Amino acid sequence: FGVQASWASVVSGAHDTGRHASTGIRLRYSQENVGAEYLPLTDIGVDLGASMDLFPKLTLAAAVTHLVSLYNNYGDSVEDRVAWLGLSYRPTNDLTIDAAFESSADASAAFHGGAEYAIDPHIFVRAGADTGTGEISGGIGVIADNFSADFAAIRHPDLGTSISIAIGFAL
């Protein structure tokens with residue numbers, strides 16, 4: 001179970017060159033219950049990010065997740081701050097190719113790569129891979145007005161397959 005609230009701002013010049021920049025902050029609350037033999041985990045966190053169009057079809061982005069994290073596992077506090085740097089390339093209006101590097105103090109740097117194809121303006125198919133964990137993933141997303149839904153299957157080499165479902169609503 002989790003709740004997220006996000007705020008973003010978009011900056012563009014006095015004359016539109018097709019290049020835009022944006023910044024954002026996300027506040028997260030999540031609670032995990034793995035099973036009766038495990039204690040529930042609670043996390044409250046703050047993430048920051050920014051993106052900027054380098055060219056009309058190429059965007060550079062950077063983020064820090066868990067900038068502030070109040071992780072509570074019955075008295076144990078953990079901060080797992082992670083830095084991200086990525087590029088997003090849109091060769092056509094229907095296809096986006098993404099690449100990102102992830103780095104934290106607790107783990108080796110990892111490369112993430114993926115692609116998203118828009119079947120139509122409301123339905124998206126996605127696939128990706130992560131060198132840090134060896135995960136491969138695929139999924140589908142739906143957007144309708146202020147509503148969004150995502151379904152994904154993630155294959156981890158040691159843990160097997162897990163399912164992810166996310167539902168969003170923009171106010």
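Asp47 is buried, with a relative accessible area of 5% (buried means under 20%, exposed over 50% and partly exposed in between, with a 1.4 Å probe and protein chains only). The model is predicted: local features need pLDDT of at least 70, side-chain atom pairs count only at pLDDT 80 or more, and totals for chains, interfaces and linings use all residues. Residues are numbered from 1 along each chain as its sequence is written, and side-chain values use heavy atoms, with hydrogens and water left out. The structure holds 3 salt bridges (a side-chain nitrogen of Lys or Arg within 4 Å of a carboxyl oxygen of Asp or Glu).

**Asp47 and Arg26**

- Asp47 forms a salt bridge with Arg26, and the closest N and O atoms are 2.5 Å apart.
- This pair links distant parts of the chain, with Asp47 in strand 3 (residues 41-55) and Arg26 in strand 2 (residues 21-32), 21 residues apart; strands (E, at least two residues) are DSSP runs numbered from the N terminus.
- Arg26 is partly exposed, at 28% relative accessibility.

- A salt bridge joins the side chains of Glu116 and Arg126 at 2.5 Å, N to O.
- Glu116 is in strand 7 (residues 107-120) and Arg126 in strand 8 (residues 123-130), so the pair ties together parts 10 residues apart in sequence.
- Arg126 also forms a salt bridge with Asp150, with the closest N and O atoms 2.4 Å apart.
- That pair links distant parts of the chain, since Asp150 lies in strand 10 (residues 147-156) and Arg126 in strand 8, 24 residues apart.
- Arg126 is partly exposed at 28% relative accessibility, and Asp150 is partly exposed at 30% relative accessible area.

Methods
Helices (H or I, at least four residues) and strands (E, at least two) are DSSP runs, numbered from the N terminus.
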